[in-house]
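Please walk me through this structure, contact by contact.

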Amino acid sequence: SIDTASLRLLEKDLICMKKHTLMCSALLLVCAVFTGCGDNMNSSDVENDGGKVSADEPYESNFEHNDEKTNDAGDYVSGVIEGVEDAGEDIAEGAGEDPYLGAAVAAAQVRGFQRDLSDSTCIAACVKHFALYGGAQAGRDYYTVDMSRQQMFNDYMLPYQAAVDAGALTAMSSFNEFESVPLTFHKYLLTDVLRGRYGFEGMLVTDYTAIKECIAHGAAVDLKEGAIKAINAGVDMDMVDESFNKHLAEAVKEGKVSVKTIDQACRRVLELKEKLGLFDDPYRFCREEQAAELLQSDKYVSDARSIADECIVLLKNEGSVLPLKEGARIAVIGPLGDLSKEMLGCWHVMPKYHDQVSVYQGLVDRFGADKVKYAFGSHVFDDQKVENKLALDKNVLRRDRSDEALLAEALSVARS
């Protein structure tokens with residue numbers, strides 16, 4: 001069973017752990033990512049600690065993220081509510097593999113993010129990525145999902161439904177395809193299931209450049225066809241591609257999209273802004289003076305640390321190596337072992353890079369430099385072209401030593 005007093009402590013601190021920013025053609029999203037919360041996580045932590053801070057921090061930082069194309073100053077802020085993730089899939093954005101636990105975490109996240117919308121620090125939660133984003137074949141992000149509808153509903157859909165039942169105001173279509181149809185064009189899932197079966201009444205946005213990427217899927221010949229298919233499937237907003245802005249007026253004239261469909265999408269966007277109080281205060285989420293006080297504050301960092309501690313599961317402790325003992329000699333080996341900014345994880349925005357401590361430096365601070373040694377060890381990938389695409393630190397990308405030299409150094413450190 002889930003301890004509901006503990007799904008309510010993540011309602012304050014998640015954004016401290018991970019965040020990412022997505023720019024829309026009409027709205028701005030700043031997303032807090034819950035990572036690994038299915039591991040030994042109390043449900044009240046998710047709602048009270050993680051969700052609240054996940055709302056407070058992007059709310060306070062939004063003044064730096066105005067959309068230059070529309071001059072909308074941070075129209076709304078959104079949290080991530082991810083579905084079930086298979087092992088080896090999109091592990092950075094899910095709460096785990098169990099649908100019941102994932103549903104409990106998702107509902108707690110929504111309550112934590114949205115709380116009372118009359119409170120100016122509350123933000124709109126976003127159910128994403130809808131749907132089956134964690135079910136891609138071979139663990140390949142964006143890739144094909146091939147399963148029966150029975151397995152889909154039994155093993156994957158419960159967290160999405162729980163987030164909708166908890167009142168999530170927005171949702172986002174995922175990149176992957178299902179039944180050979182990209183989710184951005186999948187009317188059965190976006191309209192029949194999400195809106196019809198689950199009763200979602202909020203605004204539905206595509207993922208970043210999703211309509212353009214449907215061309216690569218072979219599902220649309222160009223952005224115009226993509227825009228037509230997306231809005232007719234149930235999408236209300238196109239993120240980044242501007243296909244709606246450029247092509248829907250012409251599509252209406254050609255009779256390929258109805259005026260009713262356009263009105264419905266516009267209404268959902270306007271209703272969201274109204275619920276967030278943006279017509280009364282367009283700059284509600286732009287409080288520069290409060291950002292310095294709240295962003296990565298000692299309290300929020302402390303709460304994030306507590307949440308992270310509860311997410312750790314020790315699977316093996318051969319020879320009782322842990323906890324590390326005073327006087328022990330410690331070797332840290334690996335290209336990210338002494339890279340502090342990598343401690344922020346794969347999704348973050350506006351970090352204070354000087355605040356992070358690498359694994360190596362943390363151990364040195366605790367046990368002393370004479371007891372802890374570091375070796376680079378190896379490259380992240382053998383193929384340097386692949387590494388270059390990962391936006392890794394330049395110290396990780398360096399190729400000034402041979403593999404043999406790196407191995408010799410690592411072995412020497414391990415034996416010392």
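## A buried charged pair

Arg-268 and Asp-236 are both buried. Buried means under 20% relative accessible area; exposed means over 50%, and partly exposed lies in between, with a 1.4 Å probe and protein chains only. This is a predicted model, where local features need pLDDT of at least 70, side-chain atom pairs count only at pLDDT 80 or more, and totals for chains, interfaces and linings use all residues. Residues are numbered from 1 along each chain as its sequence is written, and side-chain values use heavy atoms, leaving out hydrogens and water.

The side chains of Arg-268 and Asp-236 form a salt bridge, at 2.9 Å from N to O. The term covers a side-chain nitrogen of Lys or Arg within 4 Å of a carboxyl oxygen of Asp or Glu. The two partners come from distant parts of the chain, 32 residues apart. Arg-268 is in helix H11 (residues 259-275), while Asp-236 is in the loop between helix H9 (223-233) and helix H10 (243-253). Helices (H or I, at least four residues) and strands (E, at least two) are DSSP runs, numbered from the N terminus. Elsewhere, salt bridges with shared partners join Lys-224, Glu-250, Glu-254 and Lys-256 into one network.

By this rule the count is 13 salt bridges. Side chains of opposite charge can pair when their charged atoms come close. One of these bridges joins Arg-149 and Glu-179, at 2.8 Å from N to O. Arg-149 lies in helix H5 (residues 149-155) and Glu-179 in the loop between strand E6 (177-178) and strand E7 (181-182), so the pair ties together parts 30 residues apart in sequence. Arg-149 is partly exposed at 36% relative accessibility. Glu-179 is also partly exposed, with a relative accessible area of 36%.

Arg-149 has a second contact. Its charged end sits over the ring of Tyr-188, 3.6 Å from the ring centre. A charge counts as sitting over a ring if NZ of Lys or CZ of Arg is within 6 Å of the ring centre and within 35 degrees of the ring normal. Arg-366 makes a contact of this kind with Phe-367, where the charged end is 4.7 Å from the ring centre.

Another salt bridge links Arg-115 and Asp-119, at 3.7 Å from N to O. Arg-115 is partly exposed, with a relative accessible area of 28%. Asp-119 is partly exposed as well, at 31% relative accessibility.

Now turn to strand E4 (residues 124-130). Seven of its seven residues are buried, so E4 is largely enclosed by the rest of the structure. E4 runs parallel to strand E5 (residues 170-173), and three bridges join them. Two strands pair if DSSP finds at least two bridges between them. At this pairing, Phe-130 stands opposite Ser-173 in E5. Phe-130 itself is buried, at 0% relative accessibility.

How many aromatic pairs does the model hold? The count comes to two. Rings of Phe, Tyr and Trp (its six-membered ring) pair if their centres lie within 6.5 Å; planes under 30 degrees apart are stacked, over 60 edge-to-face, and the rest tilted. The ring centres of Phe-130 and Tyr-160 are 5.1 Å apart with planes at 75 degrees, so this pair is edge-to-face. It spans 30 residues, from Phe-130 in strand E4 to Tyr-160 in helix H6 (residues 158-165). Tyr-160 is buried, at 1% relative accessibility.

The rings of Tyr-360 and Tyr-374 have centres 5.6 Å apart and planes at 45 degrees, so this pair is tilted. Tyr-360 is in helix H14 (residues 359-367) and Tyr-374 in strand E10 (residues 372-375), 14 residues apart. Tyr-360 is buried at 17% relative accessibility, whereas Tyr-374 is partly exposed at 22%.

Ala-104 is buried, at 15% relative accessibility.
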